[in-house]
Amino acid sequence: MFSASDTAHMAEALRLAELGRYTTSPNPNVGALLVKDGQVIGRGYHKQAGGPHAEVFALREAGSDARGATCYVTLEPCSHHGRTPPCADALIAAGVSRVVVAMQDPNPQVAGRGITMLRSAGIRVELGLLEQQARAINAGFLSRMERKRPYVQLKLAASLDGRTALANGDSKWLTSDAARADVQRFRAQSCAVLSTATTVMADNARLNIRTEQLLQSVPTLENGQLRQPKRVILDRNGLLDHKLALFAEGGEVLLCVSNIENKRELPNIARQIHCPLTSNAQFDLTALLEHLAVRESINTLWVEAGATLAGTLLQLKLVDELIVYLAPKLLGSSAQPLAVLPEFSVLNQVPQLSWTDVRMVGADIRLSARLS
C-alpha cells in the first residue's frame, strides 16, 4: 500500500516530531510533511503545548500550494477545539487530497474522529505507516492515555561492580561530568522527576534542569521554550526543610503525603498531593502513578532515588525502562547496592530485561534496558 517515497517522507516527519521532545509536554510529539509532485512544500512540528500543531506549521509554509498535496503526519490530526482549532479542519480547508497517518491518536477526544472527518470530506486517508516508530517517540503520552500511568524511567549510577555508594554513603561524584550532563537531557524530556525526602536531603538536590547548559547542548532549543519538570517527592514524615535548594528554583514541587496537612506552611512552588498507604504502611506507588497520569498529566516520569525505592518499583513492575550509568570504578562488597530486592531462590524469579542501547558517555557506559 505504501511506496518507498511514502516511507521516506514519513521518516522525515518522524525526525521533525523528535525536535519537540523537550517542549511539547503534556502534548505528544508530532511532525508533518506536505508533498506535491514529489517535492516537499511544507514542514512542521509541534513546538510547544498551547501553540500551533505540526500540520499548521506545514500548511503555513506550503501556502496555496497545499491544495492537492499529500500530508504525512505522525499522529492522527486532532478533531476537537482545545487551545488550538482542529487540525483536521485546517487540512480540509487547505484542500489536501491525501493524508498518510502513522498512528491513530489514543486520546479519547480524538480516537479516530480526525480520520473520520477527513474521509467524510473526500480526502483519502491511509493509516499505519511506520506506526511502531511513531509509538516509540511518544511512549509517555501513549502510556498516560492507554495505561493511565506515566512511562517510568529509573535512572541509577553505579560502579562496575554494581555499587552506588561507599558504605558510609559517599557517592559524589561517582560518574563523570558528561554523564551528569546526559541526565540533564533526560530530565528535560520528562514531565516530572520522582525522588524521596531522604535522597533530597542527602545531596541537597535540586532535581531541576540547568536551562543555560541545555540551550548550549541542544541547538534546536530556543530560550523560553524549556519548562522545568515537576519534582515529585515522597515525604510522608514531613522531613523537608523549606530552606533546601529544592525549593529555591525550578518547577513545581509535589509533596506526596498520606494525609493532607492544612496547617503545614509550604513554599510558593510546593503543594501537597494525597497518596494512600498500603497494608504495610508504605506509599501505594501504583495509586500514585495513576494520580500523576490522570490528575497531573504526567507522560514520562524520571526516577532518581536510592536503592530502596528503586527495588520497590522493580518488584511492583512499575519500571518501564532502566537507565544505568556505569563508572570505571570498583567500590567493593561492603558498598551500597543498586537496588534492594528480595532474596531469589531460582533464576526465573528475577526481573527480566532486554537491552535497548549501550553507549559511551564521557568515561562512563550508559546501559538502557526495557523490563520484560
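Biologist: Among contacts in the protein chain between residues at least 6 apart in sequence, what share joins residues at least 24 apart?
Modeller: That share is 69%, where contact means heavy atoms within 4.5 Å. This is a predicted model, in which local features need pLDDT of at least 70, side-chain atom pairs count only at pLDDT 80 or more, and totals for chains, interfaces and linings use all residues. Residues are numbered from 1 along each chain as its sequence is written, and side-chain values use heavy atoms, without hydrogens and water.

Biologist: How many helices and strands does the protein chain have, and why is it called as compact as a globular protein of its length?
Modeller: There are 11 helices and 16 strands, taken as DSSP runs numbered from the N terminus (helices H or I, at least four residues; strands E, at least two). The radius of gyration is 23 Å, close to the 21 Å from the globule rule for 372 residues, so the chain is as compact as a globular protein of that length. The radius is taken over C-alpha atoms, and the rule is 2.2 Å times the number of residues to the power 0.38. Along the principal axes, the C-alpha atoms fill a box of roughly 70 × 50 × 40 Å.

Biologist: Why is Ile365 called partly exposed?
Modeller: Its relative accessible area is 31%; buried means under 20%, exposed over 50%, and partly exposed in between (1.4 Å probe, protein chains only). Ile365 lies in strand β16 (residues 364–371).

Biologist: What makes Ile365 part of a nonpolar patch on the surface?
Modeller: Patch residues have over 30% relative accessible area and no salt bridge; nonpolar side chains (Val, Leu, Ile, Met, Phe, Trp, Tyr) are joined within 5 Å, like charges within 9 Å. Ile365 is in the patch with Trp355, Val358 and Met360, and together they have about 450 Å² of accessible area. Strand β15 (residues 353–361) gives the most, with 3 residues.

Biologist: How do you know that Arg144 has no salt bridge?
Modeller: A salt bridge needs a side-chain nitrogen of Lys or Arg within 4 Å of a carboxyl oxygen of Asp or Glu. For Arg144, which is buried, the nearest side chain of opposite charge is Asp105, 8.8 Å away. Arg144 lies in helix α6 (residues 139–147). Leaving aside residues up to four places away in sequence, Arg144 touches Pro26, Arg149, Ala293, Ser297, Ile298 and Asn299.

Biologist: Which residues of helix α2 are buried, and what do they pack against?
Modeller: In α2 (residues 54–62) they are Ala54, Glu55, Phe57, Ala58, Leu59 and Ala62. They pack against β1 (31–36), β2 (39–45), β3 (70–73) and α3 (87–94). Just after α2, Gly63 takes a positive phi of about 60°.

Note on methods
Areas by Shrake-Rupley, 256 points an atom, 1.4 Å probe, with all protein chains shown as cover. Lys, Arg positive; Asp, Glu negative; His and termini not counted.
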